[in-house]
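Trainee: Could we go through this structure together, a piece at a time?
Mentor: Gladly; ask whatever comes up.

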Amino acid sequence: MKHLFSNIKGNLFGGITAGIVALPLALAFGVSSGLGPSAGLYGAIFISFFAALFGGTPTQISGPTAPMTAVSMVVIAGIVATYNGVLDQALPAILMVFLLAGLMQVLLGVLKLGMYIRYIPYPVISGFMTAIGLIIIITQLLPALGYYPKEDSEYIDIFKPQAEELLLENILEEEAGEGILVLEDFKETIERSGEITSEAIRKEAQTLAGSQASGVVGAIRVLPRALEHLNWVELILTLTTILIIYGFKKITRVIPSTLVALLAVSGVAYFFNIQYRPIETIPQGLPLPEFRIFTEFDMQTITPYLFTAFTLALLGAIDSLLTSVVADNMTKTRHEPNRELIGQGIGNSIASLFGGLPGAGATIRTVVNINAGGTSRLSGMISGVLLLFILLALGPVASQIPAAVLAGILITVGISVMDYRGLKAIPSLPRNMRLGPVRISADVVIMLVVMVLATVWNLVYAVGIGLIIASLIFMKAIGDLTSKRSEVRALEKEKAWPDEKQFPESLDDKVFIKHLNGPLFFGNTSGFQQLSLQIPPSAHTVILRLGRMQYMDQSGLYAMEEVLQGLVQKGVTILFVDLLEQPRYLMEGIDIIPELVPEDQIFESFKSCMYWIRENNPIPKS
């Protein structure tokens, strides 16, 4: 507590500066997500305060971020579609997914899994981050052009026949649920179909139009129509916002250029009475808990999104811990990864209870906080309190911000979040993988697969596929390397280890030595299984040098058992040298030891093994 208030002035300036930087981004992420600007602001308030209070990185500033918002968009769009496009009805289920993501983050921290997050391959992260940037840029093209599919009457009319068909299908499903057979009661069906009004058809068509134009593919699909219905005022506001954001940075970085663009463009548009489209109204007063999360959500609806919730938790963990490393480098301190995950999980859980977007540690806001003098978790808490004050005092004013301004801000965020380091490295990466007649880089393949699939298909599945491909490539590389280093040859042909150079020449055709130079796992068991086929009939003893086989998985265990059984059936005596603890434990578990290899045939050194050979001079069994 004493350390918390040791630098009040620096933490005050750091928190205020970070809060000011967070304001336009929170509003923009809220609008982009589909929940509205208030959701972004609520998320920034609660995550910033509670992640700072309970987290493990004192200078970290947290809130909605581009990656978390992009995945949230998937959740929101999918669940809203399930509820026929009615956001208010879908909100409890959406927030329950966000709550579960927060609780999963807490669990990751409690289980002390923070240290393992760093093992996610860089090409997967690179492809994902670039995809996030592309998604944000492409989905903001429509609002930047001033085009909103749900307000285009001609476009909506295209979907009216489909809307009417869906409404009729809903009636038939209701009747089936009530046990009414259409073939027996046409009258009931006709009466219900008569309740389908033109207004109901229009609303359903409006929902279909919005769904058809959502996401990257949808935005690209309707882009030609958006260009035909271009709103020059909205486009000019967007471009002006982008120019100020990039231009003002060249003048000074003391004042956040994003905030300057927000205030300048919004002020001119408002005071000069320009006809623009404002963002959604931000509710006044204190945020209130959404208790409907526990009373109205449908478990069946959110079940398909449980993996997405885990992805949100994992993504938030990666985002936060990467930012923690940046903070460590700037402050020469060390963060507590597991405590940071618990803090982020608590922040996200509380934010979801109040209708806020999920978030994570934000690199830009954290850097701004440190540069402004922030040194403790007090700065993050002040940042959240400042945003709450802005909500209470300036909510009506913030509601007048042009939607095009936030589109411009988001486009610059999308440009900045892309991984240019990974993209620039593509030509120089080693081409270590053959694809037909062409040699390419495995890392490039992973990065491009994740980037393309995440952009045009599904963020969550893209990351999963990327991890699978990366794991398979890694396992193949390790398997090939281990097999190459573990080739079985006659002793006189195999390069002897130092302690084998005095091996008696008289035993060359009778004793074979097998060197295992690495783990025995499912990636290299096929090579090991060739052992029994490569030993000539004259050999009556095989020495397995196992001191470098630190690890064995279940596949390797059964491959070992199969090979040893084959050798024993041929009458070959098997000797183990320097068997390590983990493989020994597994082999004892299925009785390889002592049934196939007795205890007296297991040696701690090659010297003691050779002593046993001289003493016993084993003879092949008949």
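Trainee: What do the side chains of Arg 292 and Glu 290 meet in?
Mentor: They meet in a salt bridge, at 3.6 Å from N to O, where a salt bridge is a side-chain nitrogen of Lys or Arg within 4 Å of a carboxyl oxygen of Asp or Glu. Before we go on, this is a predicted model, in which local features need pLDDT of at least 70 and side-chain atom pairs count only at pLDDT 80 or more, while totals for chains, interfaces and linings use all residues. Residues are numbered from 1 along each chain as its sequence is written, and side-chain values use heavy atoms, with hydrogens and water left out.

Trainee: Which residues are linked with Arg 292 in a network?
Mentor: Asp 88, Glu 290 and Glu 296 are linked with Arg 292 in a network of salt bridges, and the side chains of Glu 296 and Arg 292 meet at 3.5 Å, N to O. Glu 290 is partly exposed at 22% relative accessible area, and Glu 296 is partly exposed at 44%; here buried means under 20% relative accessible area, exposed means over 50%, and partly exposed is in between, with a 1.4 Å probe and protein chains only.

Trainee: How many salt bridges does the count come to?
Mentor: The count comes to eleven salt bridges. One of them joins Arg 225 to Glu 154, with the closest N and O atoms 3.2 Å apart. Because Arg 225 lies in helix α11 (residues 215–228) and Glu 154 in helix α7 (residues 153–158), the pair ties together parts that are 71 residues apart in sequence. Helices (H or I, at least four residues) and strands (E, at least two) are DSSP runs, numbered from the N terminus.

Trainee: And is Arg 225 buried or exposed?
Mentor: Arg 225 counts as buried at 18% relative accessibility, whereas Glu 154 is exposed at 54%.

Trainee: Switching to the sheet, in what order do its four strands come?
Mentor: The four strands form an open sheet in the order β5-β6-β7-β8, and the pairing is parallel. The edge strands are β5 and β8 (602–603), each of which pairs on one side only; two strands pair if DSSP finds at least two bridges between them.

Trainee: How many bridges join β5 to β6?
Mentor: Five bridges join β5 (residues 511–515) to β6; Phe 512 has Val 542 as its bridge partner, and Lys 514 stands opposite Leu 544. On β7 (residues 573–577), which pairs with β6 over five bridges in the parallel sense, Phe 576 stands opposite Leu 544. The chain crosses from β6 to β7 through helix α26 (residues 554–569) in a right-handed β-α-β crossover, meaning that, with the strands pointing away from the viewer, the path from the first strand over the helix to the second runs clockwise.

Trainee: Why is β6 largely enclosed by the rest of the structure?
Mentor: Five of the five residues of β6 (residues 541–545) are buried, so the strand is largely enclosed. Thr 541, Ile 543 and Arg 545 point one way and Val 542 and Leu 544 the other way, and all are buried.

Trainee: What about helix α2, how many of its residues are buried?
Mentor: In α2, 14 of the 18 residues are buried, so this helix is largely enclosed by the rest of the structure as well.
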